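Keep the 3D view open and follow along as we go.

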Amino acid sequence: MPSPPRSPARPQRRPQPPRRVPRPPERAMTPVRPPRRPRWAMRAVTTLSVVVLASAGIGHAVVSSLDAGIARIDAFKDMKNRPRGGHGMNVLLVGTDARDRVSERDRRAFRLGGQPCHCTDTMMIVHVADDRERATVVSLPRDSYAEMPAHTDRNSGRRHGPHPVRLNAAYAEGGPQLTIRTVENMTHVKIDHYLEVDFTSFMRTVDVLGGVEVCTPTPLKDRYTGLDLAPGRHTLRGGQALQYVRARHVDGASDLGRMKRQQRFLAALLDKTTSSGVLLNPMRFRDVTRAVLGSVRADAGFGTDELLDLGRAMRNFSPSSSEFTTVPIGRLDYQVKGIGSTLKWDTAKAAKLFAAVRDDKPLAQDPARRSRGPAPVPVEVAPETIRVQVANGTGTVGLGKRLDAALAATGFATTHRPVTAPAHVPRTLVFYDPRWDRSARSLAAALPGSELRAVPGQGPLLKVTAGADFKDVRRVRFDDPGRPEQSVLRGDEVVC
């Protein structure tokens, strides 16, 4: 019986909606919230997910479509007695000399017409830290002395026992599997993934990024690859970039010098990728990744999830997030019967290096060193071998003495007896004998904005006249690529 009084109560509440008409802004929003809150929540979550994926540089659907186009190889088939797994992710990055897909025009332009050896031209272990905030790159010289494990030759089908080889021969005899086994035996680092890049994929990657900028304090000229760069900054497109990373005859350091240039280029490539907006634009990322993955080979386990993981890691990458080194060399000309000259690793130092990689520890042990100012400028002559006479060409009392002390602190062999020059010199000048032009360029690198002036017959003593523009001396660094000792550089120390 309570229902009759309740039924008239409902019509009394129905007339309430007309009250919304006089105040549409307030009343329109108030009743909408309760029924639509779940929809807005779902939209917010969806939007947030898209933003997160986009900020990582990768949309899952985009990456899934790319994953299907990667050439797969079973790089870890039947592998046993492998090293224990460490922390982080280890990728063996291999560059081969395959050039069958290079156009005839590019072959001629970039001197790629030789016969390939079907071996590895470049080999690096890329370690991505467990927290995805650091990448460590260790270059493995192609001519390293290696002990090949027992295997079946993929070309002849013959069974071989363990025997000594150069490291790059592992690929020729047994492909990716034997290469991974050999590297793991030498480093005791477990390889998680394998990526193989050839000439074509390398050039496509650089071109789709719009080129990569490199700096060189010295002229780089290699008649074998055709590389010809003057000192300064250069934006290299695909073919020219390939010349840069392949050149072995620009100095006396051969493959060791080439690896240092490869490390500098990889640092610049990472910088371009992370700073150009590629990782914030899924479509742009798709175009770049298609260029890369369309002509690489990867292990079967390197799929969508791994690409997403790397994309999220690179979102926060900067040049200082990467560090580069070469495995320490003990002997530069280690002769092996039937093989010839090889590079013998320093066993103790190499073991320490790879232990740090396994334990996910940074190689650069002085993270605060960047607070000391800009990274040192690389120069082609050791500053301690350059004799310098300083003169004060301004009216500022004591400037000559200050400049002399600053150059000496940087490593230059100054006379410690500055002299007075004609006052009111507007620009700092470096006078040099053309026979010592490399030393002059090295000195000028420490004096930003200085002007070089050749004085034939002046001799080995370089003379600096401080001008009104002088502010400070910049630190320089001499890297002798032929020296076997290990050095570790951060990406921000090698990019322009």
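Let's start just after helix H7, where Gly-210 takes a positive phi of about 85°. Helices here (H or I, at least four residues) and strands (E, at least two) are DSSP runs, numbered from the N terminus.

A word on the ground rules: this is a predicted model, where local features need pLDDT of at least 70 and side-chain atom pairs count only at pLDDT 80 or more, while totals for chains, interfaces and linings use all residues. Residues are numbered from 1 along each chain as its sequence is written, and side-chain values use heavy atoms, with hydrogens and water left out.

**The big picture**

The protein has 14 helices and 26 strands. Out of its 496 residues, 46% count as buried; that word means under 20% relative accessible area, with exposed being over 50% and partly exposed in between (1.4 Å probe, protein chains only). Take the contacts between residues at least 6 apart in sequence: 72% of them join residues at least 24 apart. A contact means heavy atoms within 4.5 Å.

Seven of its 10 residues are buried, so the helix is largely enclosed by the rest of the structure. The buried ones are Phe-199, Thr-200, Ser-201, Phe-202, Met-203, Thr-205 and Val-206.

Two packed helices are described by the angle between their axes and the distance between the axes. How do the axes of H7 and helix H8 cross? They come within 8 Å and cross at roughly 120°, with H8 covering residues 238-246. The axes are lines fitted to C-alpha atoms, for helices over the stretch in contact, and the angles run from 0 to 180 degrees between N-to-C directions. H7 and H8 are therefore oblique to each other, given that angles under 35 degrees count as roughly parallel, over 145 as roughly antiparallel, 65 to 115 as roughly perpendicular and the rest as oblique. From H7, the contact uses Phe-199, Phe-202, Met-203, Val-206 and Asp-207, and from H8 it uses Gly-238, Gly-239, Ala-241, Leu-242, Val-245 and Arg-246.

**Rings that meet**

The structure holds four aromatic pairs. Rings of Phe, Tyr and Trp (its six-membered ring) pair if their centres lie within 6.5 Å; planes under 30 degrees apart count as stacked, over 60 as edge-to-face and the rest as tilted. Here are two of the four:

| Pair | Centre to centre | Angle between planes | Type |
|---|---|---|---|
| Tyr-145 and Tyr-334 | 5.4 Å | 80° | edge-to-face |
| Phe-202 and Phe-265 | 5.5 Å | 40° | tilted |

The tyrosine pair links distant parts of the chain: Tyr-145 sits in strand E5 (residues 145-148) and Tyr-334 in strand E16 (residues 329-336), 189 residues apart. Tyr-145 is buried, at a relative accessible area of 17%.

Is Phe-202 buried or exposed? At 18% relative accessibility, Phe-202 counts as buried. Phe-265 is buried too, with a relative accessible area of 2%. Ring pairs link Phe-202, Tyr-244 and Phe-265 into a cluster.

**A few stops elsewhere**

Thr-216 is found in strand E10 (residues 212-216) and is buried at 7% relative accessible area. Leaving aside neighbours within four places in sequence, Thr-216 is in contact with Ala-230, Pro-231, Gly-232 and His-234.

Glu-451, in strand E23 (residues 451-454), is partly exposed, with a relative accessible area of 24%. Not counting residues up to four places away in sequence, Glu-451 touches Arg-427, Thr-428, Leu-429 and Val-430.

Most residues other than glycine have a negative phi, and most peptide bonds are trans. His-188 has a positive phi, near 60°, and is found in the loop between helix H6 (169-187) and strand E9 (193-197). His-416 also has a positive phi, of about 65°. Its loop runs between strand E20 (413-414) and strand E21 (419-420), and at 57% relative accessibility His-416 counts as exposed.
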